[in-house]
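The sequence and structure come first.

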Amino acid sequence: MKRFLATLVVLTMCFAMGSAVAETLRVGVSMPTQSLQRWNQDALYLTENLEAAGYEVDLQFADNDATLQLSQVENMIANGANAIVITAVEASSLGTAMDLALQMGVPVIAHDRLIVNTEALSYYASFDNYKVGMVQGQFLIDALGLAEGNGPFNMEIIAGDPGDTNAGYFYAGAMDLLTPFIENGQLVVPSGQTAFDVVATPTWATPVAQARFDTIIAGYYTTGEELHAVLCSNDSTAMGAINALTNAGFTEDNWPFITGQDCDKANMQYIVSGKQAMSVFKDTRTLAARTLSMVKAVLEGSEPEVNDTTTYDNGVKIVPSFLCEPVFGSAANYVELLIDTGYYIEIDGEFFTQDDL
């Protein structure tokens, strides 16, 4: 009898464990690339949050290849994903995968980058992207004293990836503030390059930004012309500008104000040293937590919290969104913003995540 009861207990435990495994839900996480620090951190925080909530995570990076990402997402659906979180390589390149998700009833949440031209997108979690640009633009207005009538000042512009819908919002947020000063002559763009499609940087790549800025410097700043500001949409494009300026022999005596976004580790060293004036901090921990809450809600059959139902038209529908708050970061507040909160660890002037050490 004792042996029978012991066997019964074991069988019951095995059945219970098997049921728990069968009930484990799988979430696909599709990220654009590992080549930018930003997406590695997003992937880490997303995975940690989802796994801590009991989900199985299928994480894939697409190497900035839209075709590869399309295939990866289709495979996630075929392999039984119950929900998918996507940071798109290109906003419009996931059509057949999104059609498949809709057909199979798999909810899709866009993480930080909107996916366009599809009914299948359930929700969008991001930051207030227009406000990111406004923070950058307002910084230049204040740093140059434009509101007080100062000028004229020379400025150049490096925007983001034209395949990333956020890039247009960043650009618009800054340029809506700065254009009046261009029109009244307080800001001058000697290269004449102001239109988004001209100043955009495919894949946000530092070498692409640097190559274009090398050309601008050679064409407009070799005979003593001053450059006072460079509006860069993020830190990887800012790095391109910094490299080009350094190679051209600019020094702290004629160094321009340079904006950025993401507070990347390498750029933080430049912010502390004064080569980059500021960056917009977007706490990826906050975004990961918000994305998790959306995943949990859709998998439980409820509606997640959103705070924007008007802004993000993907060409087919207004996508319900939650927009987290971007924050101004500089040498003056980086300790409070990044070190004290545990986002980075600073050792001998270098910045690390806990995962680096």
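Predicted model: local features only at pLDDT ≥ 70, side-chain atom pairs only at ≥ 80, totals over all residues.

## Helix pair

The angle between helix α9 (residues 235-247) and helix α10 (residues 265-273) is about 55°, and their axes lie 10 Å apart. Axes are lines fitted to C-alpha atoms, for helices over the stretch in contact, and angles run from 0 to 180 degrees between N-to-C directions. Helices (H or I, at least four residues) and strands (E, at least two) are DSSP runs, numbered from the N terminus.

The contact (heavy atoms within 4.5 Å) brings Asp235, Ala238, Met239 and Ile242 of α9 against Ala266, Asn267 and Tyr270 of α10. By class, these contact residues are five nonpolar, one polar and one charged.

Seven of the seven residues of strand β5 (residues 121-127) are buried, so β5 is largely enclosed by the rest of the structure. Buried means under 20% relative accessible area, with a 1.4 Å probe and protein chains only.

Strand β4 (residues 108-111) pairs with β5 in the parallel sense over four bridges; pairing requires at least two DSSP bridges. Strand β11 (residues 321-324) also runs parallel to β5, joined by four bridges. Tyr124 of β5 is the bridge partner of Ala110, and Tyr124 stands opposite Ser321 in β11.

## Basis

Residues are numbered from 1 along each chain as its sequence is written. Local features need pLDDT of at least 70, side-chain atom pairs count only at pLDDT 80 or more, and totals for chains, interfaces and linings use all residues, while side-chain values use heavy atoms, leaving out hydrogens and water.

How values were computed: Nonpolar A, V, L, I, M, F, W, Y, C, P; charged D, E, K, R; others polar. Buried < 20%, exposed > 50% of the residue type's maximum accessible area, 1.4 Å probe, protein only.
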